[in-house]
Amino acid sequence: MTGSQPYLETLERSAGRTDATIQWARFLGETFGTTGALNCLRYYEDLGWISSLVREQMTSYLRGLSLGEIHNKRYDEPTTLEYPLESLSGTLFSAHAQSLEYIATISGDDLEEHVMIARMAERRVDRRIDEEAETADDPNEMVSIIRDGPPT
């Protein structure tokens, strides 16, 4: 995810990506039903995950699903995710995290790399805060600044 918007601009027709696209359409249909899946696609477009073209293309895929492939489970049933998104398993966000995995696969991106970079940045920030707390004259100074605001 390079920061350019949208993340997935088109559904290219290569063997691996077409398979992932069909799996994603089935996942959306089974998880959210037709109306819910269409709402999710609009939401993903608003988030910048997909373009309007991808939303339109996915709408065509959803229309091609059979009744057996539509809404077999509830969206709030726990979804079990694999690394790197396993920490979201069982949450209300897990279904959307699964969609993001499909989007990353279709775009040919490595979601694991982005999660690893984010975790490294988080550790760096935590370490910096810990170091600042250790070097502070008053260990409670940081807490009082956050609670009471900076000295005037």
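Where is the place of Thr18? Thr18 sits in helix H1, which covers residues 15-47. Before I go on: this is a predicted model, and everything I say is about that model.

First, the chain as a whole. The protein chain has 5 helices and 0 strands. If you read along the sequence, the pattern is α-α-α-α-α. The chain has 152 residues, and 32% of them count as buried.

Is it buried or exposed, or in between? Thr18 has a relative accessible area of 22%. Buried would need a value under 20%, and exposed a value over 50%, so Thr18 is partly exposed. Leaving out residues up to four places away in sequence, Thr18 touches Glu12, Arg13 and Tyr61. Thr18 and Ile106 are 88 residues apart in sequence, yet their C-alpha atoms are 7.8 Å apart in space.

Tyr61 takes us to the next helix, H2, because Tyr61 is among the H2 residues that meet H1, and Thr18 is among those on the H1 side. In general, two packed helices are described by the angle between their axes and the distance between the axes. Helix H2 covers residues 52-63, and H1 packs with H2 at an angle of about 105°, with the axes 9 Å apart. Angles of 65 to 115 degrees count as roughly perpendicular, so H1 is roughly perpendicular to H2. Who meets whom here? From H1, the residues include Thr18, Ile22, Leu28 and Leu41; from H2, they include Val54, Met58, Tyr61 and Leu62. The residues of this contact divide into 11 nonpolar, 5 polar and 3 charged.

The crossing of H1 and H3 is left-handed. On the H1 side, the contact includes Arg17, Trp24, Phe27 and Tyr44; on the H3 side, it includes His96, Tyr102, Ile103 and Ile106. The residues of the contact of H1 with H3 divide into 11 nonpolar, 8 polar and 1 charged.

Terms used. Residues are numbered from 1 along each chain as its sequence is written. This is a predicted model: local features need pLDDT of at least 70, side-chain atom pairs count only at pLDDT 80 or more; totals for chains, interfaces and linings use all residues. Side-chain values use heavy atoms; hydrogens and water are left out. Helices (H or I, at least four residues) and strands (E, at least two) are DSSP runs, numbered from the N terminus. Buried means under 20% relative accessible area, exposed over 50%, partly exposed in between (1.4 Å probe, protein chains only). Contact means heavy atoms within 4.5 Å. A crossing is left-handed if the near helix is turned anticlockwise from the far one by less than a right angle, and right-handed if clockwise. Ala, Val, Leu, Ile, Met, Phe, Trp, Tyr, Cys and Pro count as nonpolar, Asp, Glu, Lys and Arg as charged, and the others, Gly among them, as polar. Axes are lines fitted to C-alpha atoms, for helices over the stretch in contact, and angles run from 0 to 180 degrees between N-to-C directions. Angles under 35 degrees count as roughly parallel, over 145 as roughly antiparallel, 65 to 115 as roughly perpendicular and the rest as oblique.
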